[in-house]
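This report goes through one structure part by part. Please keep the sequence and the 3D view at hand while reading.

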Amino acid sequence: MPVYHSASPEQTRALGEAVGRLADAGDVIALVGELGAGKTLFVGGLAGGLGIDRATYVSSPTFTILHRYHGRLPLYHIDLYRIETPEAFLSLGLDEYLQRDGVAAIEWAEHGWGMLPKEMLTLKLRYTGSDTREIEIVPVGDRYARLVQALMRKFPVLSMTTEWEG
Ligand SMILES: Nc1ncnc2c1ncn2[C@@H]1O[C@H](COP(=O)(O)OP(=O)(O)O)[C@@H](O)[C@H]1O
Ligand SMILES: [Mg+2]
């Protein structure tokens with residue numbers, strides 16, 4: 001899987017922007033990584049790539065679970081930090097936002113395993129230093145494999161820093 005080495009918040013944001021430019025209606029993007037890993041920052045970039053005005057983007061939805069934005073496509077920014085069970089996920093109707101008219105970006109996606117589609121793009125963010133992060137990009141399904149190929153063509157930094165495992 002490609003691994004992107006981000007040397008700054010701006011680089012993480014730029015990766016999110018590049019994904020946002022390539023995103024299509026129905027896409028599901030899962031973000032995994034501890035507090036401070038850069039998940040919210042990445043979604044800020046994603047919002048920019050979807051044409052959402054930077055001023056309207058309201059960082060993490062931790063306390064509201066879902067933020068909805070309107071850009072080139074709707075963006076559903078979901079944070080599952082406080083959603084611990086599949087029942088909670090379903091009773092909030094969060095499944096309604098997946099694979100529909102917009103792009104769903106899901107922080108703490110591991111809390112939703114089992115509720116999330118099998119095919120999606122997962123980003124695993126790891127803290128490697130105060131300003132550096134390692135971002136592993138894991139596509140599952142043809143749609144997301146193509147997205148990652150396009151990402152690597154349009155975002156040369158990614159291919160330059162790519163490490164292939166397995
Ligand atoms: N390379 C980097 N990529 C992303 N965030 C970084 C990086 N270096 C430092 N940071 C800082 O780490 C924090 C990440 O916060 P945030 O995106 O809210 O994380 P999360 O949503 O995963 O809890 C921000 O304060 C950001 O400035
Ligand atoms: Mg966050």
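In which strand is Tyr69 found? Tyr69 is found in strand S3, which covers residues 66-70. The model is a predicted one, and every value below is computed from it.

Is Tyr69 buried or exposed? With a relative accessibility of 6%, Tyr69 counts as buried, because buried means under 20% relative accessible area. Its side chain makes a polar contact of 3.3 Å with the side chain of His67.

Apart from neighbours within four places in sequence, Tyr69 is in contact with Ile52, Thr56, Tyr57, Val58, Ser59, Pro74, Leu75 and His77. Tyr69 and Ala47 are 22 residues apart in sequence, and their C-alpha atoms are 8.0 Å apart in space.

## Helix H2

Helix H2 spans residues 39-49. Of its 11 residues, 9 are buried, so the helix is largely enclosed by the rest of the structure. The buried residues are Lys39, Thr40, Phe42, Val43, Gly44, Gly45, Leu46, Ala47 and Gly49.

What covers these buried residues of H2? The cover includes H1, strand S2 (28-32), strand S4 (74-79), strand S5 (103-107) and strand S6 (121-129). After H2 comes Gly51, which has a positive phi near 80 degrees.

## Val43 within H2

Val43 has its place in helix H2. Its relative accessible area is 0%, and therefore Val43 is buried. Not counting residues up to four places away in sequence, Val43 touches Leu31, Tyr57, Leu75, His77, Ala105 and Glu107.

Val43 and Val138 are 95 residues apart along the chain, and 16 Å separates their C-alpha atoms.

## The nonpolar core

In soluble globular proteins, nonpolar side chains tend to be buried together. How many residues does the largest nonpolar core have here? This core has 53 residues, and those with the most contacts inside it are Leu15, Leu46, Leu75, Leu121, Leu123, Ile137 and Leu151. Helix H4 (residues 142-154) gives the most to this core, with 6 residues.

Leu75 is one of the residues with the most contacts inside the core. Leaving aside neighbours within four places in sequence, Leu75 is in contact with Val43, Leu46, Ala47, Leu50, Ile52, His67, Arg68, Tyr69, Val103 and Ala105. Val43 and Tyr69, described above, are therefore both among the contacts of Leu75, where contact means heavy atoms within 4.5 Å.

## The surroundings of ligand 1

Which residues are closest to ligand 1? Ligand 1 is surrounded by 16 residues, and the closest are Thr12, Gly36, Lys39, Thr40 and Leu41. By class, this shell has 4 nonpolar, 7 polar and 5 charged residues.

A backbone N or O atom of Ser8 lies 3.1 Å from a nitrogen atom of ligand 1. A polar side-chain atom of Glu107 lies 3.2 Å from an oxygen atom of the ligand. A polar backbone atom of Asp131 is 2.9 Å from a nitrogen atom of ligand 1. Taken alone, ligand 1 exposes 570 Å², and the protein buries 75% of that. Helix H1 (9-22) and helix H2 (39-49) are the elements that give two or more residues to the shell. H2 has the largest share, with 3 residues.

## Glu136 in strand S7

Glu136 lies in strand S7, residues 132-139. Its relative accessibility is 12%, so Glu136 counts as buried. The side chains of Glu136 and Arg126 are joined by a polar contact of 2.5 Å.

## Two loop residues with positive phi

Where is Gln99 found? Gln99 is found in the loop between helix H3 (86-91) and S5. Its phi is near 55 degrees, a positive value in a residue other than glycine.

Trp108 has its place in the loop between S5 and S6. The phi of Trp108 is positive, near 55 degrees, and this residue is not a glycine. Trp108 has a relative accessible area of 13%, so this residue is buried.

Key:
Residues numbered from 1 in each chain as written. Chains lettered and ligands numbered in written order. Predicted model: local features only at pLDDT ≥ 70, side-chain atom pairs only at ≥ 80, totals over all residues. Heavy atoms only, no water. Near = heavy atom within 4 Å. Polar contact = N/O pair within 3.5 Å; in protein donor to acceptor, adjacent residues only side chain to side chain. Areas by Shrake-Rupley, 256 points an atom, 1.4 Å probe, with all protein chains shown as cover. Helix = DSSP H or I, 4+ residues; strand = E, 2+ residues; numbered from the N terminus. Nonpolar A, V, L, I, M, F, W, Y, C, P; charged D, E, K, R; others polar. Core = buried A, V, L, I, M, F, W, Y, C linked by side-chain atoms within 4.5 Å. Buried < 20%, exposed > 50% of the residue type's maximum accessible area, 1.4 Å probe, protein only.
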